[in-house]
Amino acid sequence: MARVQLKSLEKVYGNAFKAVHGINLDIEDGEFMVLVGPSGCAKSTTLRMVAGLEEISGGEILIGDRRVNDLPPGKRSIAMVFQNYALYPHMKVRNNLAFGLKIAGKSKPEIAEAIDRVAKMLEIEPLLDRLPKQLSGGQAQRVALGRALIKQPGVFLFDEPLSNLDAKLRASMRVRITDLHRQLKAGGLSSTVIYVTHDQTEAMTMGDRICVMQAGHIMQVATPKELYNHPANLFVAGFIGSPEMNLVDASIEGDRFAIGGQSLPLGANLSARLSSRPKDAVVGIRPQHLVLAPEGEAFETRLTNAEFMGHEVYLHAELEGRKLVAVVGAADFEALGGSGTVRLRPDFDHIHIFDKTDGRNVSL
Ligand SMILES: Nc1ncnc2c1ncn2[C@@H]1O[C@H](COP(=O)(O)OP(=O)(O)OP(=O)(O)O)[C@@H](O)[C@H]1O
């Protein structure tokens with residue numbers, strides 16, 4: 001069992017700066033959990049505490065049923081993959097892979113068999129006799145993955161492993177890593193993953209669940225779909241999803257909501273979803289949920305820019321000084337005929353209302 005539990009986990013640096021504020025997180029055996037958030041939110045600090053590379057200031061960490069607070073990294077049944085690969089530069093790939101097993105006292109045939117198995121899984125057989133400096137970034141990252149895999153740990157810890165790769169390679173490595181995870185699970189091997197990234201696309205495409213962090217606090221833990229469709233607060237709403245959600249100040253008055261001097265009816269569905277009707281609100285509308293509405297009730301906006309993306313157009317508009325982005329079909333955009341005024345209507349089934357005073361989503 002490689003369930004990982006963080007209980008009231010705290011980190012204080014230098015007796016003064018609290019980086020992690022008593023977080024609780026329960027990661028199931030075999031789960032792929034992504035920790036995501038902007039720079040400085042303490043993702044790495046949290047991961048390093050799990051790894052045993054950073055002292056814990058308060059709370060506890062359990063791996064399986066063992067409290068590991070005071071165990072050294074080597075005794076925690078974990079393997080870590082870093083962004084800078086951390087391969088031994090003077091050792092051939094084969095020896096980089098073998099190193100951990102040699103230290104653990106494995107026999108030569110056992111090591112040879114393990115290298116063979118891992119090299120096949122990662123398609124790095126032709127690279128075994130090269131030195132790290134003779135590898136491309138993507139190849140080096142595969143070897144780093146191999147070094148973690150070969151240890152057959154209970155838990156894999158990844159700290160921004162793809163951030164040194166170009167966009168194309170990143171995309172293919174994302175798939176490779178999630179495929180490997182699935183393969184290990186299917187083979188009955190315990191393969192719990194904790195994966196740190198600041199990139200919401202990586203989080204959304206890789207995680208079984210995602211833990212969104214901000215300034216040492218957990219903002220929400222949920223599946224990618226749940227985070228996208230039901231963000232608990234303004235922070236998650238703004239962080240998850242691409243292009244970013246439109247978040248504009250608004251007010252709810254009776255059964256209408258107003259942005260600046262213009263208002264629209266909330267509609268029965270949205271009205272029923274509201275747990276409160278904040279006067280000071282923020283309306284959240286994903287650009288995909290803002291549609292062109294030549295007729296009927298809609299907001300009158302001024303077109304400021306249009307980015308052609310192929311079969312769709314990112315339309316930038318302004319509503320009394322507030323900026324909005326809508327994703328519209330290229331043909332629908334053409335039909336506008338370059339008009340300066342654009343009528344846009346939110347899809348009310350997918351709109352979110354946040355209370356501006358505490359950021360809470362009151363339309364879940
Ligand atoms: N050794 C240290 N001493 C003091 N403060 C530190 C130390 N390491 C990190 N911090 C601070 O703790 C906070 C969390 O840092 P951490 O590196 O965990 O964030 P992160 O979310 O991983 O950021 P990034 O994505 O930039 O790596 C930051 O404010 C950082 O400045």
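The questions and answers below concern strands, a helix and some backbone torsions in a predicted model.

Q: Which strands stand at the edges of the open sheet of five strands?
A: The sheet has the order β13-β12-β11-β14-β20, and its pairing is antiparallel. A strand with a single partner has one side left without a neighbour in the sheet, so the edges are held by β13 (262-265) and β20 (352-355).

Q: Which residue of β12 is the bridge partner of Ser251?
A: Strand β11 (residues 246-253) and strand β12 (residues 256-259) run antiparallel and are joined by three bridges. For Ser251, the bridge partner in β12 is Ala258.

Q: How far apart are the end C-alpha atoms of helix α5?
A: Helix α5 covers residues 167-186, and its 20 residues, taken at 1.5 Å a residue, should span 28 Å.

Q: Is Ala215, with its positive phi, buried or exposed, or does Ala215 fall in between?
A: Ala215 is found in the loop between β9 (209-214) and β10 (217-222), and its phi is near 45°, a positive value in a residue other than glycine. Burial would need 20 or more C-beta neighbours within 10 Å, and exposure 12 or fewer. Ala215 has 15 such neighbours inside 10 Å, so Ala215 counts as partly exposed.

Conventions: Residues are numbered from 1 along each chain as its sequence is written. This is a predicted model: local features need pLDDT of at least 70, side-chain atom pairs count only at pLDDT 80 or more; totals for chains, interfaces and linings use all residues. Two strands pair if DSSP finds at least two bridges between them. Helices (H or I, at least four residues) and strands (E, at least two) are DSSP runs, numbered from the N terminus. The expected span of a helix is 1.5 Å times one less than its number of residues.
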